[in-house]
Amino acid sequence: MSADLDAHYAIARRVAFQVEEQLQELETGRDTSLTFQGNISTNLNQLARELEALEALLAREIDGARRGAWRKKLRQLQDNSSGLRAALEKFATKTFRNQREADERKDLLQRRNAAGHTAIEMSSLSRETRAFDEASFALDNLNRHGESVLLGLHSQRHVLNASRRKLASIFDTLGLSNSLLRLIERRQLMDRLLVFGGIAACSLILWLLMRWNRASPLPAVPVD
């Protein structure tokens with residue numbers, strides 16, 4: 001019985017000492033991985049089993065004084081085990097709280113970034129909409145200007161067509177006038193030729209008559 005108590009007590013003391021060293025590494029940050037925390041939890045469970053074994057052995061101890069001494073040692077180990085488990089739970093709770101706060105800050109930052117990104121997108125969309133409206137307004141002005149130019153060209157086309165018709169009429173009139181002038185000039189030339197020809201013919205006839213009268217002898221006049 002005494003040997004069993006000594007064996008389980010030695011194992012419990014060794015496991016408790018190992019857990020203390022592991023908690024020191026955990027709290028100083030040398031190893032905070034979940035695997036390391038799982039090893040600590042496994043050692044604490046082993047310590048709890050050793051304490052239960054000691055409790056069962058003490059229940060069969062007959063010697064009252066010996067049982068009282070071992071009870072005191074067992075109580076110290078139990079208090080130490082409770083403190084070690086509380087330290088692990090405190091570290092786990094603190095780690096969980098820190099992780100949750102970090103996740104909340106990250107989520108808040110993401111929401112702020114998303115809000116800022118949304119605001120930037122809205123600003124960009126507003127600028128694009130304003131630019132589109134300005135471009136649409138410019139296109140409308142250009143369209144109206146094009147329509148006015150087309151109307152002006154259409155009106156000018158009518159004016160040019162009317163002018164062309166007038167010029168054609170003038171050209172036709174000028175062509176007729178030129179033909180009439182040429183006809184009048186030819187008629188005047190013919191009239192001049194006829195007048196000069198008539199004068200020349202009359203002069204020739206008068207000259208011939210004068211020559212003939214001079215050449216013919218005068219008849220004798222009888223004397224009474």
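Colleague: Going by DSSP, a helix is a run of H or I with at least four residues, and helices are numbered from the N terminus. With that in mind, how many helices and strands does the protein chain have?

Modeller: This is a predicted model, to be clear. The protein chain has three helices and zero strands, and the pattern along the sequence reads α-α-α.

Colleague: Where do the helices sit in the sequence?

Modeller: Helix α1 covers residues 2-28, helix α2 covers residues 34-59, and helix α3 runs over residues 64-215.

Colleague: What's the reach of α2, end to end?

Modeller: From its first C-alpha to its last, α2 reaches 37 Å, close to the 38 Å expected at 1.5 Å a residue. That helix has 26 residues.

Colleague: Zooming out, what share of the protein chain is buried?

Modeller: 12% of the 224 residues.

Colleague: Give me one from α1. What about Val19, buried or exposed?

Modeller: Val19, which is in helix α1, counts as buried at 0% relative accessibility. Val19 and Thr42 are 23 residues apart in sequence, and their C-alpha atoms are 9.6 Å apart in space.

Colleague: Switching to charges. How many salt bridges are there?

Modeller: The count comes to two salt bridges. One of them joins Arg71 and Glu55, with the closest N and O atoms 2.6 Å apart. Arg71 is in helix α3 and Glu55 in helix α2, so this pair ties together parts that are 16 residues apart in sequence.

Colleague: How exposed are Arg71 and Glu55?

Modeller: Both fall in the partly exposed class: Arg71 has a relative accessible area of 25%, and Glu55 comes in at 29%.

Colleague: What about the salt bridge of Arg111, who's the partner?

Modeller: Asp107, at 2.0 Å from N to O. Arg111 and Asp107 are four residues apart in helix α3, which means about one helical turn separates them. Arg111 is partly exposed with a relative accessible area of 46%, and Asp107 is partly exposed at 34%.

Colleague: Now aromatics. How many aromatic pairs does the structure hold?

Modeller: One aromatic pair. It's Tyr9 with Trp70: the ring centres are 5.4 Å apart and the planes are at 80°, so the pair is edge-to-face. The cut-off for that label is over 60 degrees.

Colleague: Which helices does the pair of Tyr9 and Trp70 link?

Modeller: Tyr9 lies in helix α1 and Trp70 in helix α3, so the pair ties together parts that are 61 residues apart in sequence.

Colleague: Are those two, Tyr9 and Trp70, buried or exposed?

Modeller: Tyr9 and Trp70 are buried. For Trp70 the relative accessibility is 6%, and the limit for buried is under 20%.

Colleague: Last topic, the largest pocket. How much space lies in it?

Modeller: About 150 Å³.

Colleague: Which residues line the largest pocket?

Modeller: Glu27, Ala87, Lys90, Phe91, Lys94, Thr95 and Asn98.

Colleague: Which helix gives the largest share of that lining?

Modeller: That's α3, with six residues. Glu27, also in the lining, falls within the residues 2-28 of helix α1.

Key
Residues are numbered from 1 along each chain as its sequence is written. This is a predicted model: local features need pLDDT of at least 70, side-chain atom pairs count only at pLDDT 80 or more; totals for chains, interfaces and linings use all residues. Side-chain values use heavy atoms; hydrogens and water are left out. Helices (H or I, at least four residues) and strands (E, at least two) are DSSP runs, numbered from the N terminus. The expected span of a helix is 1.5 Å times one less than its number of residues. A salt bridge is a side-chain nitrogen of Lys or Arg within 4 Å of a carboxyl oxygen of Asp or Glu. Buried means under 20% relative accessible area, exposed over 50%, partly exposed in between (1.4 Å probe, protein chains only). Rings of Phe, Tyr and Trp (its six-membered ring) pair if their centres lie within 6.5 Å; planes under 30 degrees apart count as stacked, over 60 as edge-to-face and the rest as tilted. On a 1 Å grid over the protein atoms alone, a cavity is a set of points where a 1.4 Å probe fits but cannot get out, and a pocket is an open set with protein on both sides within 12 Å along at least five of seven lines; lining residues have an atom within 4 Å of a point. Grid points are joined across faces, edges and corners, and a volume is the space filled by probe spheres set on the points.
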